[in-house]
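Please read them with the structure open.

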Amino acid sequence: MRTLSRLFANNRAWSESMLRGDPEFFRRLLNQQRPEYLWIGCADSRVPANQIVGLLPGDLFVHRNVANIVVEGDINCLSVLQYAVDVLRVRHVIVCGHYGCGGVGAALRGDKLGLADQWLDHVAKIRDKNRDQLDHLPTEKDRHDRLCELNVIEQVSNVCRTPIIREAWARSQPVSVHGWIYSLEDGLLRDMNMCVTETDELRDRYEAARQTRPVAKA
Ligand code: CO
């Protein structure tokens with residue numbers, strides 16, 4: 001099977017259904033994109049960004065990697081962030097983790113996967129930093145869930161500390177950074193209560209998010 005014809009058939013059907021709903025849909029998007037949101041999420045196939053939040057092509061700028069990690073020196077992620085903030089002028093940056101994340105689980109257990117270990121070491125450091133909090137949880141699943149949450153909190157903080165976001169705030173460009181977590185069990189997002197809109201808010205929001213657990217919104 002060299003052509004993956006099922007996917008091409010799906011694509012044709014999708015394109016036709018979009019045009020049935022809105023004959024101008026693709027033509028309108030041709031000239032420019034004006035997304036309001038940048039999504040930084042996990043590469044996991046079960047967490048498809050647009051579908052989860054019900055947004056169409058053109059609405060969401062997306063970067064995904066294993067375990068939704070944002071680190072200094074990752075030219076790929078930082079280029080996406082820079083383009084989204086400086087050129088597209090998105091209003092919101094959303095870091096969305098998910099429970100049951102395989103990458104976070106591997107970091108929690110210290111599994112040896114190969115090349116990915118080096119990447120997941122960023123999460124292993126978060127595990128080590130939060131040893132006390134994690135060790136107090138009764139089950140492996142609880143520790144896994146909590147490390148998924150703590151990872152989101154750290155990555156939101158990392159986004160806020162980039163020169164890209166700091167400089168946007170310094171010139172009063174309105175951009176909010178949000179931390180969310182998605183449950184594979186019910187398909188619902190939970191807010192990590194870590195929405196940061198300016199440099200001075202980061203410290204308090206970070207500490208507050210670390211003291212609480214997220215709940216699904218009504
Ligand atoms: Co994941």
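At what angle do helix 5 and helix 8 pack, and how far apart are their axes?

1. Helix 5 (residues 102-109) packs on helix 8 (residues 140-161) at an angle of about 115°, with the axes 9 Å apart. Helix 5 is therefore roughly perpendicular to helix 8, a term for angles of 65 to 115 degrees. Axes are lines fitted to C-alpha atoms over the stretch in contact, with angles from 0 to 180 degrees between N-to-C directions. Helices are DSSP runs (H or I) of at least four residues and strands are E runs of at least two, numbered from the N terminus.

2. This is a predicted model, in which local features need pLDDT of at least 70, side-chain atom pairs count only at pLDDT 80 or more, and totals for chains, interfaces and linings use all residues. Residues are numbered from 1 along each chain as its sequence is written, and side-chain values use heavy atoms, without hydrogens and water.

3. From helix 5, Val104, Gly105, Leu108 and Arg109 make the contact (heavy atoms within 4.5 Å); from helix 8, Glu140, Arg143, His144, Leu147, Cys148 and Asn151 do so.

4. The cobalt ion is coordinated by Cys42 (SG), His98 (NE2) and Cys101 (SG) at 2.0 to 2.3 Å. Donors are N, O and S atoms within 2.8 Å of the metal (3.2 Å for Na, K and Ca); water is not among the atoms, so sites may look incomplete. Cysteine 42 lies in strand 1 (residues 37-42) and histidine 98 in strand 3 (residues 92-98), 56 residues apart.

5. Cysteine 42 counts as buried at 5% relative accessibility, and histidine 98 counts as buried at 1%. Buried means under 20% relative accessible area (1.4 Å probe, protein chains only).

Key
Parallel < 35°, antiparallel > 145°, perpendicular 65-115°, else oblique. Buried < 20%, exposed > 50% of the residue type's maximum accessible area, 1.4 Å probe, protein only.
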